[in-house]
Amino acid sequence: MRKNHRLRWAAIPIAASLAIVLAGCTQAQLHGFLPGFEEGQPAVTNQTDRIGGLWTTSWIVLLVIGLITWGLMIWTVVVYRRRKGQTGLPVQLRYNMPIEIFYTVVPLILVLGFFAFTARDQAAIEARFESPDVKIEVIGKQWAWDFNYVTDDVYSAGIQGQPDLNGPKGSLVESEIPTLVLPIGKKIELALESRDVIHSFWVIDFLYKKDMIPDKTNYMSVIPERIGTYSGKCAELCGEYHSLMLFKVKVVSEADYDAYIQSLRVAGNEGQLDNDYKRNQNLPGTSAPTVQEGN
Ligand SMILES: [Cu+2]
């Protein structure tokens, strides 16, 4: 009874200080320093708040467990330290059932909890739109990106990062970096594909990335919610110039999006890039000959 009382009294200052600490937090801190969260700005996509929430809540739970664990460790080290004149082994404890059950059940609950929340959020993020407003095919290739704007039947072909010889060492020509343009507030379905090896499509501020696997299509469904330019990169080591496999995502107004599509049309980028130069020609059903000629 007395113990319970003491616990309750401890809970009040802990809750109060937590509230004060959290109230003074900036957006960046509240979202565990994940990129893309800015004061007074809408979320980058319809998914980022969910992902930030999972990340921050997990850290709070883990830190609380960490504090309890570190506290218990320090407590045992101090209280049960070897005192003057003590010799031999201390009293050995084993088969302490309550403790054994405790340290089996608590981690089990934690793992199941993390699994359940991750599965819930992943299912929401992975859900595909029934009728996307804009469909875009993103093709990874060593070491750049092609974008087929499927809905509008235009395309843009990218080249790998070009070193800027006039700029500081290691800088790239910004204007040459492939750019994917997305209209704000639209349901966008990205079909992710690869022409050669496994790449990974990662827009940093979208807080989500997905592998691009040859002869397989993965999908990313997202609604961009903040106008801006975001950095993207390949997140799967894919060969010599992997580090130059960069791109940008520009989230723009609908009018600007239409103007961009029109500019591609004017530039003659009508139609879709096909997989003519796909590297994987060694599979059944491709153009590879199955019978050697002349035999
Ligand atoms: Cu790559």
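Leaving aside its neighbours within four places in sequence, which residues is V138 in contact with?

What we have here is a predicted model, where local features need pLDDT of at least 70, side-chain atom pairs count only at pLDDT 80 or more, and totals for chains, interfaces and linings use all residues. Residues are numbered from 1 along each chain as its sequence is written, and side-chain values use heavy atoms, with hydrogens and water left out.

Back to V138, then. Contact here means heavy atoms within 4.5 Å. By that rule V138 meets W145, D146, F147, L180, L190, A191, L192, E193, F201 and M212. V138 also belongs to the largest nonpolar core, a set of 32 residues, and is one of those that touch the most other members, along with W145, Y149, L180, L190, F201 and V249. A nonpolar core, by the way, is a set of buried Ala, Val, Leu, Ile, Met, Phe, Trp, Tyr and Cys residues joined through side-chain atoms within 4.5 Å. Buried means under 20% relative accessible area, exposed over 50%, and partly exposed in between, with a 1.4 Å probe and protein chains only. Strand 10, residues 246-252, gives this core its largest share, 4 residues. Another core lies apart from it, with 5 residues, including L34, F37, I51 and I125. As a general reminder, nonpolar side chains tend to be buried together in soluble globular proteins.

Now for the overall picture. The chain has 5 helices and 10 strands; these are DSSP runs numbered from the N terminus, helices being H or I with at least four residues and strands E with at least two. Of the 295 residues, 31% count as buried. Among contacts with a separation of 6 or more, 68% come from residues 24 or more positions apart.

Let's visit helix 3, residues 48-79, which is where I65 is found. I65 is partly exposed, at 27% relative accessible area. The C-alpha atoms of I65 and Q162 are separated by 48 Å, and the two residues are 97 apart along the chain. L63 lies in helix 3 too, and L63 is partly exposed at 43% relative accessibility.

Finally, some backbone details worth a look on the screen. Which peptide bond is cis? The bond from Q142 to W143 is, with omega near 5°, and W143 lies in the loop between strand 1 (134-141) and strand 2 (144-149).

F33 has a positive phi of about 60° although it is not a glycine. You'll find F33 in the loop between helix 2 (27-30) and helix 3, and F33 counts as exposed because its relative accessibility is 61%. D153 also has a positive phi, about 55°, without being a glycine. D153 sits in the loop between strand 2 and strand 3 (154-157) and is partly exposed, with a relative accessible area of 36%.
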